[in-house]
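Dear colleague,

I am handing over the structure below, and after it you will find notes on what came out of it. Please read them with the model open beside you.

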Amino acid sequence: VSFRFDPPGWAPDFDAPGRRRWHEQMARSARSNVAQIVEQLQAQDRTASAADAFYVDPTETEIPPEAGTVAVSWPGSPKRLLTLAGGDRDLAHEHAEDLGTFDYAQGAQFVTANGQSVDMPSRHFQDEYLEWRTERVDGVPSRVTFTCEAYDYWEELFAHDEDVVVERYREFLGRDDVGADDLRVPEDVFLSLDGRPSNRLAFRAGTYNPRNRFNTREGIVHLTHRANSLGAEVNLAAISSALRKDVHGRDVTGEDANRLTCCGAFGDPNRNSDPTIGAAANNVARSGKAYTLTNPVGLYIADFDHEAVTLPDGEGAPREWWRVERGREQTDDGFERIMRLVFEVPGDVRGPGGGPLRAGDLLVRGAPLVRGAQLAELVTLHLMVTAWDAPERRAIRAACVTTCCVGGPDQQLLFISDDQCAAGTGAFDDLLPGAPRTIPTAGSPLATVVAPDGSAAAPVLTEIELDAFLAGGSR
Amino acid sequence: MNGWLLDGEPALATDRIQGNILAGFFTDHQLFVGLRIADASRARRWLAALAGDLTTVDDVLGHRARARASDERREPSGVWLNLGVACSALAAIGAPSAFDDLAFRAGLAARCRILGDPPSDPRTWRAGGTGDGRLDVLMILAGAPAALEARADELVASARAGGLEPSYREAGSTVPGRGIEHFGFRDGVSQPGVLGTVGGASDRPLTRRSIPDERAVPHAAPGKPLVWPGEFVFGYPGQGNLPRRPGPVARAGDDEQTTAFAHDGSLLVYRRLRQDVGAFRRFLAAGAEDLRRQGAHDMTPERLAALIVGRWPSGAPVTRTPDRDDPELGADRDRSNDFDFGDDVHGDRCPLAAHIRKVNPRAGPSDVSVPLQKRLLRRGIPYGPFVSENPSEDVDRGLLFLSYQCSIADQFEFLSTDWMNSPRRPAGSGGHDLVVGFEGAEGRRRDFELARRGGGPPFKVSTAEEWVLPAGGEYLFAPSTVALASLTG
């Protein structure tokens with residue numbers, strides 16, 4: 001099989017040995033994903049093998065010429081944050097660009113070996129594989145930059161060629177004071193969940209620091225949220241190929257994408273992205289098709305609804321004010337692979353008062369543009385799946401590996417659990433065998449949102465409490 | 001089997017919720033009457049006094065139960081009356097109007113561009129807009145034609161005396177075939193069921209359940225999922241992340257007065273959609289020929305129309321009968337709705353951009369994890385003569401589109417802007433909704449893709465022609481009878 005994994009969006013970063021390195025990295029992840037699926041299928045049928053998995057390792061199996069490609073898309077605006085905000089869109093928008101560490105866990109801190117605090121935040125509410133940063137002039141938005149490039153790609157790139165990473169940073173940020181040492185983890189960094197010194201190594205000294213200041217507090221180059229990795233996305237797109245059944249033997253399908261996500265433990269059921277991707281991949285498998293992720297494997301911006309942005313007089317803002325800075329909008333297979341997108345009003349455009357027109361003078365679907373999150377609502381992401389009929393693969397239905405418990409505002413947040421939930425907090429009663437637990441397991445992610453008596457945490461979310469509900473750590 | 005209820009299903013105040021919202025009038029004849037406020041304080045009193053005349057859900061359901069028992073027609077013996085008031089009109093009469101919904105606050109005329117509509121001048125709209133047709137109040141009357149006109153005359157006379165002026169009047173009718181719209185298709189086949197019980201604290205579900213409760217997403221009947229009522233009526237739990245659990249309660253705004261006023265009410269979208277049957281048919285003929293040239297040898301205009309809609313004229317879904325219409329299947333309410341797109345990921349049987357997939361992805365590919373949060377209760381009725389009655393192309397005919405929902409921005413407008421008008425959403429690709437989707441970009445070109453049997457790049461037809469021409473309507477609020485009566489003071 002002559003298949004080669006190209007870098008996401010055919011990015012021209014790696015040299016030839018680097019491209020081989022990237023290919024090998026992706027091939028390893030494809031093999032391990034198949035192994036994980038086979039393990040789950042074998043729990044049902046000991047004779048199951050890779051030949052029964054609907055997700056295919058393309059380095060092992062030739063993609064037939066009749067295979068067709070479909071896109072799976074989702075909106076880039078974080079749904080989980082909206083739930084955290086109790087459905088209050090303005091509140092969600094206000095916090096969407098917050099930096100912090102709740103993508104690791106509630107109260108997570110990064111510390112050195114001797115317990116000193118280290119500032120390594122992420123855009124911890126932007127968890128739909130799209131992150132953005134708004135630049136302002138006198139408090140008014142002037143430019144909004146979007147990226148969907150996974151941090152693990154940049155880790156590999158840095159490990160192979162620091163210089164090119166530095167070059168890209170300088171290019172994207174338009175500044176020449178970025179050096180390789182600025183992008184490196186200076187000393188071992190540990191994850192502490194209680195503020196005390198910890199021996200949980202999070203970032204090794206000398207490796208690439210994806211949460212460096214140029215990619216967080218001072219700029220945006222690629223994704224930072226812990227869950228926004230290419231490995232995680234490929235894994236969930238692969239694992240969701242397993243057909244599922246509940247404890248009564250009934251199919252668990254994408255009819256309820258969140259339920260399927262809770263059953264198969266792929267990703268976060270509170271997002272739009274993960275359940276959507278999982279349900280779509282599961283639908284492909286359920287229709288008897290084998291599939292693999294389309295080369296170059298990646299997450300991409302598919303589209304932006306530029307017509308939703310209007311000038312103060314109601315005229316549409318030109319599409320050219322959205323600038324594709326990395327990736328390709330036109331491709332041979334017809335599927336866009338945009339990786340970096342900037343919205344900015346050109347400097348020579350005048351506003352109604354005669355001064356320069358700023359992004360903040362525009363309207364988004366009729367509302368004044370005050371935050372980048374309003375533009376994020378116009379951005380659609382996608383990934384592509386190449387599928388073909390595979391009648392030889394057996395439809396073995398695997399049991400659920402997890403279920404979900406509820407918590408948070410209006411009991412609307414879902415937390416993946418490998419054990420039954422505390423009484424009254426189970427989202428589903430038929431995914432895992434056994435009766436509800438009377439006491440939550442200490443130390444589980446649920447412990448942060450479920451009180452010891454099993455009741456859910458405070459039902460009403462105020463602005464101050466917003467971050468307190470981020471449980472994280474469900475991966 | 002029919003009596004099951006989910007835990008937490010609320011008792012709906014069906015004695016005060018307007019009947020068309022949750023029961024649907026669904027009569028063969030309706031009359032829309034628009035009013036403009038001339039004198040705000042008198043108009044306020046007039047509206048308050050009208051509360052007692054409004055038809056409630058209980059009224060409609062009661063009539064249907066009696067009709068069923070006595071085998072009578074479903075049509076009401078008198079005239080049913082419902083109404084909606086525009087946000088600006090609520091403000092003008094001093095009623096609570098601090099709704100969160102930006103679209104509702106702005107009104108339809110201000111939102112046309114966002115909806116991608118072909119350019120039209122709201123000052124000249126026959127219904128709604130900013131000229132003589134302004135719809136401060138829209139009354140929807142249902143009943144027998146003669147009775148409708150008489151009742152409308154009576155209401156208009158009373159309104160004139162009460163500080164309002166008539167601004168619009170138009171009859172809708174489904175004759176000659178129940179539920180058939182002007183392009184020849186059965187309309188309104190698939191509506192969501194609504195969770196909740198009727199008549200206060202009874203254990204009688206609003207939506208009758210004809211199948212046992214054994215699906216992950218509760219269904220009242222095949223293809224009829226049950227949606228939490230807060231998607232359509234304020235003050236009730238809406239659709240959350242879990243289909244079997246009540247979601248957050250639908251609130252109209254932060255302001256307590258508005259929230260209380262909106263309780264048991266709903267937002268109403270009225271769109272006057274002119275249909276150009278000739279343009280649609282010409283496109284079908286040209287499009288079918290284009291597709292045959294591309295290699296889709298069995299393509300006919302009739303087949304292309306069915307693929308664009310997702311159903312044949314009888315209502316039979318192309319998913320279940322790909323090659324020809326099946327009127328028997330179309331007539332079977334359950335069977336014609338018993339399908340999903342979960343195993344049709346490429347759009348092999350039903351195109352990804354077919355109208356019925358665009359507005360209701362069912363269990364198929366969708367870009368939002370809870371598509372049930374995007375449903376509407378559609379209550380439209382055609383206007384103008386059918387082609388069978390008057391074949392002229394110059395006749396004004398179309399659909400008086402009505403939908404009820406709690407968020408115009410997140411439901412009606414979302415379906416229009418994010419799904420129907422998008423060439424890729426919700427299924428990832430496939431093109432625009434060619435029935436009612438628009439492309440606001442220059443050129444207004446819309447594409448529609450058909451999967452090629454046996455794989456390969458899809459067939460594609462494109463057009464910049466438009467056969468649905470929205471020019472009129474309004475975004476309104478349909479208050480409960482109690483809220484309307486409260487305007488007395």
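In this predicted model, the side chains of Arg215(B) and Glu255(A) meet in a salt bridge, with 2.9 Å from N to O; the term stands for a side-chain nitrogen of Lys or Arg within 4 Å of a carboxyl oxygen of Asp or Glu. Arg215(B) lies in the loop between β5 (193-194) and β6 (219-221) of chain B, and Glu255(A) in the loop between β9 (251-252) and α7 (257-264) of chain A, so the pair joins two chains. Helices (H or I, at least four residues) and strands (E, at least two) are DSSP runs, numbered from the N terminus. Arg215(B) is partly exposed, at a relative accessible area of 30%, and Glu255(A) is also partly exposed, at 21% (buried is under 20% relative accessible area, exposed over 50% and partly exposed in between, with a 1.4 Å probe and protein chains only).

A salt bridge within chain A is formed by Asp389(A) and Lys289(A), whose closest N and O atoms are 3.1 Å apart. This pair links distant parts of the chain, since Asp389(A) sits in strand β17 (residues 379-389) and Lys289(A) in strand β10 (residues 289-293), 100 residues apart. Asp389(A) is exposed, with 52% relative accessibility, whereas Lys289(A) is buried, with 10%.

In chain B, Glu256(B) and Arg251(B) form a salt bridge at 3.4 Å, N to O; Glu256(B) is exposed at 54% and Arg251(B) partly exposed at 42%. Salt bridges that share partners also join Asp13(A), Glu149(A), Glu167(A), Arg168(A), Glu171(A) and Arg326(A) into one network. Over all chains, the count comes to 73 salt bridges.

As for chain B as a whole, it has 14 helices and 16 strands, and its C-alpha trace spans about 70 × 50 × 45 Å along the principal axes. Buried residues make up 62% of its 489 residues. Among contacts in chain B (heavy atoms within 4.5 Å) between residues at least 6 apart in sequence, 72% join residues at least 24 apart.

On conventions, residues are numbered from 1 along each chain as its sequence is written, while chains are lettered from A and ligands numbered from 1 in the order in which they are written. Local features need pLDDT of at least 70, side-chain atom pairs count only at pLDDT 80 or more, and totals for chains, interfaces and linings use all residues, with side-chain values using heavy atoms and leaving out hydrogens and water.
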